[in-house]
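Here's a quick briefing to read with the model open beside you.

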Amino acid sequence: MTLASEMATTTAGRSRELAVAVVGVLVVAGLVAASVLLGAQTLAPAQVWHALASPTGTEADLIVTGVRLPRTLVAVSVGAALAVSGVLLQAVVRNPLAEPGLLGVSAGAGFAVAAGYVLLGLTSYRDTLWLSLVGTVVGVVAVLGLTRAGGGRAGAGVGDGPVRLVLAGVAVAAVLSAATSAVSMLSPRGFAQLARWSAGTFAGRELPVALTTLVAVGLGVVLALALAPGLRLLALGDDTARGLGTRVGLVRGLALLAVVVLCGAATAAAGPVAFVGLVVPQVLRLLLGHDPGRLLRGSLLAGPALVLVADLVARTVIAPAEVSVGVVTAFVGAPVLIALALGHPRRLR
Amino acid sequence: MSRPPLLVVALTAVAALLAGCSAAGASDSGASGAASSTAGAGTRTVASAHGDVTVPEEPQRVAAVSYDTTWNLMSLGVKPVTSLDYGPWIDEFSTEQQAFVEGVPTVGTFGEINVEAVTAAQPDLIIGTAEEVDEATYAQLSAVAPTVLVGGGSRGDWQVTTEQTAKAVGREAQWQESKAAFEQTRDRLKTQYADVIANNRWINFSLGDDASQFSVQQPTGATGNLLVNELGMTYGPGVPTDYNARGYASYPLEQLGSVFEGVTVALTFASADGSPNPGVQAIRDNPLFQRLPVAQSGHVYPMASSVTDYPSATAWLEELEQKVLSVL
Amino acid sequence: MTSATSATAGVTGTTTVTSRPARAARRARGALVTAVSLAVLLGLVVVGLTAGEVRVPLPDVLDALLGRATGGSAVVVLQWRLPRVLLAVLLGAALGLSGALFQVVTRNPLGSPDILGFTTGASTGALLVMLGGLSGGAAGAGTGGSGGAVAPASMAATTGGALVGGLATAVLIWLLLVRAGARGPRLVLVGIGTTALLNAVNVLLVTRADERAALRAALWGAGSLNGVAAAWVAPTALAVGVLGVAVVVLARSARVYELGDELSAALGVDTGRFALAAMAVGVALVAVATAVAGPIAFVALAAPQIARRVWRTGTVPFAATALTGAVLLLASDVVAQRLLAPTILPTGLVTICLGGAYLAWALTRHRR
């Protein structure tokens with residue numbers, strides 16, 4: 001046992017995590033209930049319960065199982081996926097700002113999906129999932145490649161350290177989103193489909209899609225949790241980690257694989273949603289400290305909570321029309337980024 | 001900086017434009033402003049969105065610079081010398097329409113009209129809709145040839161736009177003829193199928209604003225207008241009556257049951273070649289739709305015709321008779 | 001970050017650090033670079049004036065410019081191509097200068113209005129004016145059926161909206177930073193956060209607007225020089241000219257400001273007042289460009305840095321930046337017009353591609 005891991009598993013820390021977990025479970029349960037109970041059509045709690053417990057094919061049953069439940073499941077999956085991705089990315093690149101949306105990883109998925117729709121006519125959910133996974137790989141490679149290419153410290157002016165990574169993300173996102181809109185001018189059918197997908201909502205996802213997303217995200221989460229001890233050692237620095245017998249490259253590689261699976265599945269289901277991976281780990285650090293294992297477990301509750309709230313806001317704020325979830329998360333996430341930039345002088349230098 | 005959001009909005013807006021192309025709205029009167037063109041021998045004066053315009057008595061080379069103008073001209077038997085670039089969406093149109101614009105030079109897309117390409121086609125008359133052509137572009141086009149902007153309301157306001165287009169190209173007689181043919185068919189249907197029309201509650205539905213929604217074509221839209229105002233059909237009691245200028249309203253799928261309440265016949269849209277529209281099919285496949293009485297009785301009819309002028313409206317009525325009225 | 005030492009090297013004539021021959025060599029190089037850039041700009045102007053679906057040979061273009069042509073070619077050259085070319089040059093210069101001012105004030109090569117959120121803020125202001133005006137008309141159309149044609153909000157009103165939006169964003173960021181006293185990386189992050197936030201606001205504004213207004217706003221939001229009216233050239237030239245004079249006035253203080261707060265104070269420059277004045281002028285330049293063409297991204301970011309590298313100056317060279325900005329925007333606009341001709345791309349789409357690529361290049365450049 002290392003010093004760090006010993007400290008991370010003190011009884012005080014444990015009881016704190018337990019308290020957070022209990023509160024988190026209650027909050028998520030409440031939000032899930034709200035997400036299933038509230039909708040355009042007014043349903044009594046008894047009707048909803050009937051639909052969940054013993055559905056008999058009534059209209060209310062179909063509304064709950066066909067519309068609200070898939071939507072809620074996707075929101076939960078996407079929230080968990082993006083929050084866990086944030087924790088993983090931040091541990092891998094040792095940068096508190098690393099986040100799929102900010103780094104342009106989602107833009108990579110967006111481009112791949114657009115190109116697939118338009119150029120290859122691939123429009124099914126299954127195709128979208130694969131394209132999104134490939135695009136996520138492209139985004140990750142591009143951002144990390146750009147960040148490394150200039151050498152860690154050198155950057156005579158064009159942003160150092162944490163900012164450099166974010167700027168690489170901005171550059172990747174700009175080029176890829178311009179490419180996306182150029183591609184989308186090429187064809188029609190894809191175009192209409194793309195408009196629907198890139199609006200980034202959880203609506204209109206049917207149960208099979210929701211379950212596929214849940215399974216993919218589940219796999220990514222299991223991988224992430226298995227990596228927690230390795231990530232904990234990685235936080236001590238590459239040399240120390242190596243000295244303690246960690247295969248640094250392997251841990252990093254597997255963590256990025258988990259990011260690709262999680263982000264790819266999330267983006268395929270909901271379109272690009274930014275800032276969840278930034279906000280959730282930041283808030284959790286205040287509550288739980290810096291232990292990657294705790295942050296990962298916490299993300300499984302906090303991510304879904306944030307996205308469920310965002311989705312509830314998105315479908316009520318201009319009802320009956322809906323605003324995209326990504327807009328709502330930007331309203332929450334951008335101020336957090338600003339506060340972060342202003343608040344932690346040491347870490348961001 | 002990062003632009004995806006606006007891109008998304010642009011995509012959505014264009015998609016909405018496509019989805020709503022059968023929708024009509026209230027027309028605007030148009031801002032004032034005189035078009036400068038010299039009057040000469042063999043000219044006429046016609047009304048346009050920005051004031052009267054002097055046009056050739058018999059225009060030989062007509063340039064279309066708005067999406068529906070091409071089809072309006074097609075209904076009048078006038079082959080334009082330019083059309084907008086349908087590139088992306090051309091396979092959404094019928095084979096006749098595709099053949100009609102085959103080889104016609106394109107002059108850009110909605111919002112980005114290439115005035116030089118219009119000039120290169122050497123038109124003696126330019127026609128567009130006031131909704132799609134802004135004033136700066138109008139001024140540039142007016143320097144090329146007399147430019148008539150029709151309508152001023154929604155793109156789908158075809159009864160107004162075709163009349164003004166017919167006047168501009170000097171084919172009013174042909175327009176009157178097609179209007180009379182339409183009215184004759186309409187009146188025949190109204191008498192012949194009076195009981196079918198009166199004994200059923202109708203709805204005309206389509207894609208919604210996003211995949212979780214469906215839309216209802218209102219009487220303010222092109223096909224809704226044909227059903228409710230021209231044929232005198234009654235929508236189901238569950239259809240909200242707060243009609244808007246867009247010509248359609250979008251509702252969450254959850255509300256299928258309440259909006260379709262009491263409906264006995266539902267019309268919807270098919271692709272131009274008659275194949276099911278994937279988006280409409282997704283709505284029809286939804287369990288909430290399938291448990292509707294109208295779905296269980298099988299009275300859901302996709303219509304392949306699109307309505308942009310009197311001949312296509314007549315064709316739509318004939319399709320309605322053949323597919324729906326005659327079998328009920 | 002521009003360091004004080006590199007800044008001194010760039011101030012020709014006021015420093016004895018560099019030797020006389022070296023200075024002469026640098027001057028000669030500077031003159032050469034300027035001449036080449038002007039030639040490139042001229043070449044682009046010629047392309048802009050001659051390329052198009054209507055064939056106008058170069059001699060006819062010259063005749064038109066000299067007022068000797070009548071009819072078709074005169075209209076094509078003087079009414080359509082020339083205004084577009086002139087506006088690209090003017091707005092490119094304006095955006096470049098705006099970027100230069102912000103980079104000086106923030107002492108950060110990434111402190112451009114694109115990154116800091118002023119461009120997005122100007123869009124928010126312009127959208128509020130456009131959609132405010134438009135929704136009034138649409139409401140009329142909905143109720144009475146005669147709401148009047150949707151007259152696009154006037155240029156002046158849109159410019160005003162863009163100006164207020166840009167200034168409000170500037171004040172917001174200024175307050176955030178003054179309170180925390182931060183420059184450098186933090187400023188960039190605050191800017192990226194602000195941009196994301198304002199983008200979300202813009203999407204919300206457009207989503208809430210009625211369909212026609214939303215469509216127009218979305219088209220405007222792509223940023224385009226297509227369909228600009230000849231009548232816009234004179235007011236734009238006047239505005240950019242006045243603001244350009246202001247930049248010239250500020251340039252002297254800018255050199256001193258770049259030396260740092262202490263030295264500036266010793267040399268009698270009030271850094272606070274300079275910063276406020278420079279930001280006001282910078283925001284006004286962005287607002288003019290946004291009002292005329294919609295949001296055009298990345299020219300303000302790239303132009304000053306490209307100019308600094310090409311002219312090899314330590315400080316941001318204002319005149320060279322204006323020239324570079326003009327070349328960048330004009331080149332982008334020519335590409336936008338010709339790439340898929342006769343279909344015209346939004347100019348903003350081209351600059352976003354160029355700018356993203358530039359940023360990527362800049363990031364990879366500093367390999368040891």
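Take residues 254–280 of chain A: their end C-alpha atoms sit 22 Å apart, and the span is 81% helix and 0% strand. Helices here are DSSP runs of H or I with at least four residues, strands are E runs of at least two, and both are numbered from the N terminus. Keep in mind that this is a predicted model, where local features need pLDDT of at least 70, side-chain atom pairs count only at pLDDT 80 or more, and totals for chains, interfaces and linings use all residues. Residues are numbered from 1 along each chain as its sequence is written, while chains are lettered from A and ligands numbered from 1 in the order in which they are written.

- For residues 324–343 of chain A, the end C-alpha atoms are 29 Å apart, with 95% helix and 0% strand.
- Both spans are among those that an unreviewed UniProt entry annotates as "transmembrane region" in chain A, including also 20–40 and 73–93. UniProt positions follow the numbering used here, feature names are shortened, and annotations may be inferred rather than shown by experiment.

**A helix pair in chain A**

- The axes of helix H4 (residues 59–93) and helix H12 (residues 276–288) of chain A come within 7 Å and cross at roughly 70°. Axes are lines fitted to C-alpha atoms, for helices over the stretch in contact, with angles from 0 to 180 degrees between N-to-C directions.
- Contact means C-beta atoms, placed from the backbone, within 7 Å.
- By class, this contact has eight nonpolar, five polar and no charged residues. Ala, Val, Leu, Ile, Met, Phe, Trp, Tyr, Cys and Pro count as nonpolar, Asp, Glu, Lys and Arg as charged, and the others, Gly among them, as polar.

**Two domains in chain B**

- Chain B is assigned domain 1 (38–170) and domain 2 (179–325), with bounds from an automatic or database domain assignment.
- Their contact takes 11 residues from domain 1 of chain B and 11 residues from domain 2 of chain B.
- H2(B) gives the most to the domain 1 side, with three residues.

**Confidence**

- Overall, the model scores ipTM 0.82 and pTM 0.82.
- Chain C averages a pLDDT of 80 (the predictor's confidence in each residue, from 0 to 100).
- Over residues 134–152 of chain C, pLDDT stays under 50.

How values were computed. Contact = placed C-beta atoms within 7 Å.
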